[in-house]
Amino acid sequence: MAGGLAVGIYSTSSPEACGYVAANCAANVVVVEDNAQLSKILQVQKQLSHLKAIVQYRDPLEEKRPNVYTWEEFMELGRTVPDSQLDSIICSQCVNHCCTLIYTSGTTGTPKGVMLSHDNVMWEAKMLKEVLGLQVHEVFVSYLPLSHVAAQLFDLWLPMCVGGTTFFAQPNALKVLSPTACPGNSSPPLGQAKGPGPERRDGSVPWGFALAERLVFRKVREELGLQRCTLLMTGAAPISKDTLEFFMSLHLPLLDMFGLSETNGPYSTCTPQSCRILSCGKELPGCRSRIEEPDAEGTGELCCWGRHVFMGYLGMEALTREALDEEGWLHTGDLVRRDPDGFLYIMGRIKELVITVGGKNIAPVPIEDAVKREVPIVSNAVLVGDCRRFLAMLLTLKCKVDPESGAPLDELSPEAVQFCQEVGSRATRVSEVLSTRDPAVYQAIQLGVERVNQHAPSHAHYIQKWALLPRDFSIIGGELGPTAKVKRQAVLSTYKDVIGGCYQD
């Protein structure tokens, strides 16, 4: 209403990262939650030449400072502004004006401010409403950070379109709120119980499913608070086949989506009527796409066109021209292939391609995913081999996480401990596995890698060596971006000595 733009900053960001975003967008006002977030801005305040005020909306101020306001003080400043002034600002806005700024996570370079117009925002929401069959009075639960485009879409714009309700809830509130639609971007921390799922391509269900549904699965859904949920959506970070099959076994199919900040969120999606496991579905109606320079398997760069495509990067004309060509096609940098039925599959990113010394271009993501499927104790896998004579891989083990900081702990996760026991190891900590080079665990990993190699399209795709890292990846450790995507260059830089060891004769 004041003619401003909302620009999100992740609550986990460092003071330097906060300062970068605030300076890049020339922020006039910074709104923080509490004293901990305020301290970050105060550390970089001198770098923010456009900053006029800081507003803290929760907790009393620990120290009164010039131009730092409580929420109540901030609201009081506006009481003398007449409604006519606000109305004139609203009337001056146009559909092609910038509505919001979404900063990219910076996994492939410097974070960029993605400018999304009012038309981008409302067109995307209306298309998703139609494709997903959303109804009036849908109930959403917000838990993703609102600096992420998906959170703005599902927490703000879609509920506006359908007259829905968004709950900004405390943790473990699903059972109380019982949402009807739930988006997410990471593997949910559920148990190991599985059952005969209902998903068969001929439309039939396995023997015993009806009984299992009545006795087990319905109760599990009620315990999770998902008994009314008809739409479970996942996106951002890649999701494993095991997770998809687990939810299907509970009669809770996950609908995988694909999109970017530059496409205002989902560009393609599976739907309840059109879903294929490991695919990110089909394009939204009205979107056009093409696959540039496809290889023999049909994999090439995805290019998008439509009303969902962003306006450009704030203050970065050269990068905007690199992403958007003269005809308005967005060159995503993502490698995709399309099956005969029109379903899209994400194969990796062009900038992540590993090019061996022999000139072979290899997409790392399919190989990394295959290793994680074959070796369940592996949490993260990073393929290396750029300008090298063969491929190697860095692996981390699944472990428990500090609930406060998100930092990985030395203690193995229950799933990892179970894996160890099954292969004949008594290890319960990551350090135990590494310090002793636990023969049972190392042999199991090697056998899994060999199984992956058996399905490789060529010898150049073989994983010749691998190394276990001392800790899992995390946001706080710098290996993951805020949406849980691996920051490949950060990993390669941090563990360059480990990588070098893989190539010593």
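1. Helices H1 and H2 are roughly perpendicular to each other in this predicted model. H1 covers residues 15-24, and H2 covers residues 35-44. Their axes cross at roughly 65° and come within 8 Å. Angles of 65 to 115 degrees count as roughly perpendicular, and therefore this pair carries that label. The crossing of H1 past H2 is right-handed.

2. Which residues make the contact between H1 and H2? On the H1 side they are Pro 15, Glu 16, Cys 18 and Gly 19. On the H2 side they are Lys 40, Ile 41, Gln 43 and Val 44. By class, this contact has four nonpolar residues, two polar and two charged.

3. Next, a sheet of three strands. This sheet is open, its order is E2-E3-E4, and its pairing is parallel. E2 (29-32) and E4 (68-70) are the edge strands, each pairing on one side only. On average, neighbouring strands here are turned by 25° against each other, direction ignored.

4. Strand E3 spans residues 53-56 and pairs with E4 in the parallel sense. Three bridges join E3 and E4. Angles over 145 degrees count as roughly antiparallel.

5. Now the aromatic rings. The model has four aromatic pairs by the rule used. One of them joins Trp 71 and Phe 74, with 5.7 Å centre to centre and 55° between the planes. This pair is tilted. Both residues sit in helix H3 (residues 71-77), three residues apart, so about one helical turn separates Trp 71 from Phe 74.

6. A second open sheet deserves a look. Four strands form it, in the order E1-E5-E6-E16, and the pairing is mixed. Which strands lie at the edges? They are E1 (6-7) and E16 (312-313), each pairing on one side only.

7. Within that sheet, E6 (residues 113-117) and E16 pair in the antiparallel sense. Two bridges link E6 and E16. Met 115 stands opposite Gly 312, which belongs to E16.

8. Helix H5 (residues 118-132) lies across E5 (98-103) and E6. H5 runs at about 70° to E6.

Conventions: Residues numbered from 1 in each chain as written. Predicted model: local features only at pLDDT ≥ 70, side-chain atom pairs only at ≥ 80, totals over all residues. Heavy atoms only, no water. Axes fitted to C-alpha atoms, helices over the stretch in contact; angles between N-to-C directions. Parallel < 35°, antiparallel > 145°, perpendicular 65-115°, else oblique. Left-handed = near helix turned anticlockwise from the far one by under 90°. Contact = heavy atoms within 4.5 Å. Nonpolar A, V, L, I, M, F, W, Y, C, P; charged D, E, K, R; others polar. Pairing = 2+ DSSP bridges. Phe/Tyr/Trp six-rings, centres within 6.5 Å; stacked < 30°, edge-to-face > 60°.
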